[in-house]
Amino acid sequence: MKERAISGDRGVLVLAEHERGELKEVTLEVLGAGRKLADKLGDKLGALLLGHDATGLAEPLGHHFADVVYVMDSPELEIPSASSYLAPLQHFIAENQPRVLLMGATPLGRELGPRLAARLGGSLASDCTILDVNEDGLLLQTKPAYGGKVYTTLICPSSRPQMATVKPGVMEVKPPNADRRAQMVRVTPVMEKTPVEVLDFIKGDPSDVPLEEADIVVAGGRGVGGAANFGILEELAGVLGGTVGASRAAVDEGWIPFEKQVGQTGKTVSPKLYIACGISGQIQHVMGMKDSRSIIAINIDVAAPIFKVADVGIVGDLREVVPALAELLRQAVKEGTIKTVGDVTKALRS
Ligand SMILES: Cc1cc2nc3c(=O)[nH]c(=O)nc-3n(C[C@H](O)[C@H](O)[C@H](O)COP(=O)(O)OP(=O)(O)OC[C@H]3O[C@@H](n4cnc5c(N)ncnc54)[C@H](O)[C@@H]3O)c2cc1C
C-alpha cells in the first residue's frame with residue numbers, strides 16, 4: 001500500500017446523518033460503537049454535523065456520547081448529498097487527521113464513503129457489523145462475506161483515517177445521557193463547485209425501498225399459499241411502513257419477483273424487524289435474515305426451525321394471524337401506543 005500524507009492519530013469521528021431535523025437512528029448506533037472504540041483508544045469521539053441551521057442537533061449528539069461536535073453550516077449543505085459533503089469532509093480530514101472515520105451504510109454513506117476514500121487515497125470497509133480495536137490500536141472491521149457464511153475482519157494498517165460504513169440496524173443504540181454536553185466547534189466548510197445540483201429531497205414510498213434498506217420486512221414463504229395471499233402481507237407491511245420479502249420457494253412458485261428473495265442466493269437483510277410468515281427456516285433462508293434485530297415468526301408447525309431464530313413465535317395459520325395482526329397494529333398506531341419498531345415487538349410479546 002502506498003505511503004500517505006495523512007498520519008491520522010487524532011480521534012474517532014462519526015458522520016452525523018440527519019433528515020428533516022432529526023438524527024438518523026444509524027447515526028446513534030454508530031455513535032455507540034464509536035464511543036467504545038474511542039474509550040479503548042483513549043481518544044476523543046467527534047461527530048461531524050454538516051447542514052444548514054442544524055446546530056440544534058449538537059445537543060442530542062452530546063447526549064449520545066460525542067465529546068466534540070464539529071458543525072459545518074452552509075445553505076449548500078441543507079440537503080444532504082455525497083457531492084456537497086465531499087469537499088468539506090476531505091478538507092476537514094486533511095486538517096484534523098482523525099484516526100477513524102465511521103458513517104452509516106445508508107444511501108449517503110454508500111456513495112460518500114468510497115468517493116472520500118478515493119480522494120484521500122485511502123481505504124474503506126463497507127457494511128461492517130462489528131467494530132473493535134486490536135492491541136496495536138488498529139481498527140478491526142468485521143463484515144459478513146460469501147453470503148453471510150463467514151465473517152471477515154479487515155485491518156488497514158497504513159490507511160488514515162481508517163474508514164468504515166456500518167450496516168444500519170445491527171448495532172444497539174445505547175441509552176442517551178441527558179446530562180452529557182459535547183463541546184461545539186464551528187468549522188467553515190470548504191465548498192467546491194460540483195456537477196450535481198440537488199433540487200429537493202422527496203421521501204419515497206416505504207414499500208418501494210430496496211429490501212436491504214428497509215427497517216421492517218414482512219416476508220412470505222410457501223405457506224402463504226399463492227400470489228393473491230401476498231396481499232395480506234402487503235397490508236401488514238403497509239401498516240408498519242415496511243416492505244415485503246420472500247423465501248425462494250415463494251419466488252420459484254412465481255408468486256413474487258426474484259428481487260424480493262431473501263437468503264443465500266437472494267438478498268441479505270438486517271432490518272429492525274423481520275416478520276417471517278409461512279417460512280420453514282431452512283439454513284439458506286436464515287443466512288439472509290439472521291442479523292435482523294428482532295424476528296417474529298408465524299407458522300402452523302410448532303416444530304418449524306424458524307422458531308429457533310425467532311424472538312417472538314406465533315403458532316397459527318398466517319391467513320388468520322396476519323390480518324388480525326394488521327388490525328391490532330393499525331389500532332395501536334392510531335391510538336399512539338406504537339411509535340417505534342421496538343414498540344411492535346413489545347406489543348406482540350404482551
Ligand atoms: C443452493 C441453494 C440456495 C438456496 N437459496 C435460498 C435463498 O436464497 N432463499 C431461500 O429462502 N431459500 C433458498 N434455498 C431454498 C431453501 O433450502 C428452502 O427450500 C426454502 O427456503 C424453503 O422455503 P419456505 O420456507 O418458504 O418453504 P417450505 O420449506 O416449504 O416451508 C413452508 C412453511 O410454511 C408453513 N406453513 C404452511 N402453511 C401455512 C399457513 N397457512 N400458515 C402458516 N404457516 C404455514 C409450513 O409449516 C412450513 O414451515 C436455497 C437452496 C439451495 C440448495
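Guide: A polar contact is a pair of N or O atoms within 3.5 Å. The model under discussion is predicted.

Visitor: Which polar backbone atom is 2.8 Å from an oxygen atom of the ligand?

Guide: That backbone atom belongs to Arg-248. Side chains take part as well: a polar side-chain atom of Arg-222 lies 2.8 Å from a ligand oxygen atom, and one of His-285 lies 2.9 Å from an oxygen atom of the ligand.

Visitor: How many residues surround the ligand, and which are the closest?

Guide: The ligand is surrounded by 25 residues, and the closest are Arg-222, Ser-247, Thr-265, Ser-280 and Asn-299.

Visitor: Which residues make the contact of H5 with H9?

Guide: Among them are Ile-232, Leu-233 and Leu-236 of H5, with Val-322, Leu-325 and Leu-329 of H9. The residues of this contact divide into 11 nonpolar, no polar and 3 charged.

Visitor: At what angle do H3 and H4 pack?

Guide: Helix H3 (residues 82-96) and helix H4 (residues 107-120) meet at an angle of about 45°, with axes 10 Å apart. H3 and H4 are therefore oblique to each other, and their crossing is right-handed. The contact includes Tyr-85 and Leu-89 of H3 and Leu-112 and Arg-115 of H4. Its residues comprise 10 nonpolar, 2 polar and 3 charged.

Key. Residues numbered from 1 in each chain as written. Predicted model: local features only at pLDDT ≥ 70, side-chain atom pairs only at ≥ 80, totals over all residues. Heavy atoms only, no water. Axes fitted to C-alpha atoms, helices over the stretch in contact; angles between N-to-C directions. Helix = DSSP H or I, 4+ residues; strand = E, 2+ residues; numbered from the N terminus. Parallel < 35°, antiparallel > 145°, perpendicular 65-115°, else oblique. Left-handed = near helix turned anticlockwise from the far one by under 90°. Contact = heavy atoms within 4.5 Å. Nonpolar A, V, L, I, M, F, W, Y, C, P; charged D, E, K, R; others polar. Near = heavy atom within 4 Å. Polar contact = N/O pair within 3.5 Å; in protein donor to acceptor, adjacent residues only side chain to side chain.
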